[in-house]
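The sequence and structure come next.

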Amino acid sequence: MSEILNLKPQSIWKNFHALTQVPRPSGHLDRIQQFLLDFAKEVGVEGFKDSAGNIILRKPATPGMENRKVITLQAHMDMVPQKSPDSAHDFTTDPIETYIDGEWVKARNTTLGSDNGMGVAAILAVMEAKDIKHGPIEGLITADEETGMFGANDLPTDVLHGDILLNLDSETWGKFVIGSAGGVDVTSTLDYQEVDTDSEDAALKVTLKGLKGGHSGLEIHIGRANANKLMVRFLREAIEDCEVRLASWHGGNMRNAIPPKSEVVITMPKENVEDVKALVKDWENDFINEFKHIEEHIEFFAEEVPTPAKQVPEEIQDSLVNAIYACHNGVMRMIPSIPSVVETSSNLAIIDIEGGKASIKILARSSNEDMKEYIGTTLKSCFDLIGMKTVFSGSYGGWDPNTDSEILKLLEKNYLELFGHEAVEQVDHAGLECSIILGKYPNMDVVSLGPTIRSPHTTNERCLIETVEPFWQLLKKTFETVPVK
């Protein structure tokens, strides 16, 4: 039996534990969708799946509360599947193994899924509760948020009844998010004809791993290393000084996660192998020195491998390396009126080069639509210069803050009464589904909140135990005090 079942409030932790037993990586949601539908039937509330794969739950008002505004509680069902290099975990079949580490709940060698499992667990706790006074409540549990907000983007315009939207996907307790950045996926591709490798050449697989990675919105300003951007620095010098040729490159696996690992297979004349190994060691020392106050476990090493039969043509190789080197990554601009918050950024998330195909995937974010277009065009221009085809997809707008929000004022009032100090209003650089849902239901009054979660999208993801109980108390008090229609 998991030790988190003894934590309070048990109603949330029990449901979160149940979620950890159901595989739910993005793109593999059949089991979690069925779990949610079965849950609705079991606790006696309405539940159905819409045309976008979202699950809608509805619970009628308790007696005497029928005239209150309808609250829609919203979270996403999928989780980011990241694991440590030595983990054999299969996210499509295996449960998440949780444990308590001091004041935090963590997972063993994988992402925890508290992003956004804690939000889903809270919705389930509300749906099964018998001791809460509330008006009409519905839950919207969206599909595939982490890979492109597909569930929110395809949400039908006639399924929600809510007057108020409480998004439960924020990650700092005591802060109410009232605005967030928009984003767009930038994907550049190139087909090329592979060439034969010199049969006399040797080959090395060069691996960079051990980086912290992290959320490409909330943690982009910390200055963590991007494995793809570090790898290209080594690769460019190796090509220039050691006659290296590129056979393949794979780095990163999630568009919204700072890549913690990157690896290349390279060929070179046999007499240059030791020089390349020495260059790898030099770069490892440089990387460790550059990031000594940020990254703690950088590993950069070379292994001899069988020489591949094919490799990237030299001209294509040089063009790709130059473009990746030049590609913007990280913060571009802070919000002028709120200089502590990132306005515009990009994350060089995924590189896949092998077998005659090159693909580069970047998530660009901005809370300013003009700057979102600018950063997207900047990235496209970089890869246009070498003949790559670039497409934009999954675009979503920013969420403009509404400081006069009625539900915001109620949450702040209840927070002050419950805890004796004021909450903080915040605009996040993360992409929340609120802006997309508002585009379909423009009359909703929206705030985002949640317990404290740190290092989402990494194997160090963790949830601060002491923040879950007050989060639950605030939700219950808000249900009881929600205004009439």
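G330 stands opposite S346, a residue of β17. The model in which this pair is found is a predicted one. The pair belongs to the following setting: strand β16, residues 330-335, runs antiparallel to β17 and is joined to it over five bridges. A hairpin of two residues links β16 to β17.

Strand β17 covers residues 338-354, 17 residues in total, and twelve of them are buried, so the strand is largely enclosed by the rest of the structure. Here "buried" means under 20% relative accessible area. Strand β18 spans residues 357-366 and runs antiparallel to β17, with ten bridges joining the two. Within this pairing L348 stands opposite I362 of β18. Strand β12, residues 245-251, also pairs with β17 in the antiparallel sense, over three bridges. There, H250 has D352 of β17 as its bridge partner.

| Partner of β17 | Residues | Bridges | Sense |
|---|---|---|---|
| β12 | 245-251 | three | antiparallel |
| β16 | 330-335 | five | antiparallel |
| β18 | 357-366 | ten | antiparallel |

**A four-strand sheet**

An open sheet of four strands is arranged in the order β4-β5-β23-β22, with antiparallel pairing. The edges are β4 (98-101) and β22 (453-454); each has a single partner strand, so one side of each is left without a neighbour in the sheet. The partner of β4 is β5, residues 104-107, and four bridges hold this antiparallel pair. I100 stands opposite V105 of β5.

**Nonpolar cores**

The largest nonpolar core contains 64 residues, and those with the most contacts inside it are I12, W13, L73, L166, L168 and F176. Helix α3, residues 114-128, gives the most to this core, with nine residues. Another core, of 52 residues, lies apart from it and includes V186, A225, A323 and I353.

What does F176 touch, leaving out residues up to four places away in sequence? Its contacts include L408, L411, E412 and Y415, then A423, V424, E425 and Q426, and also V447, S448, L449 and L474.

How values were computed. Residues are numbered from 1 along each chain as its sequence is written. This is a predicted model: local features need pLDDT of at least 70, side-chain atom pairs count only at pLDDT 80 or more; totals for chains, interfaces and linings use all residues. Side-chain values use heavy atoms; hydrogens and water are left out. Two strands pair if DSSP finds at least two bridges between them. Buried means under 20% relative accessible area, exposed over 50%, partly exposed in between (1.4 Å probe, protein chains only). A nonpolar core is a set of buried Ala, Val, Leu, Ile, Met, Phe, Trp, Tyr and Cys residues joined through side-chain atoms within 4.5 Å. Contact means heavy atoms within 4.5 Å.
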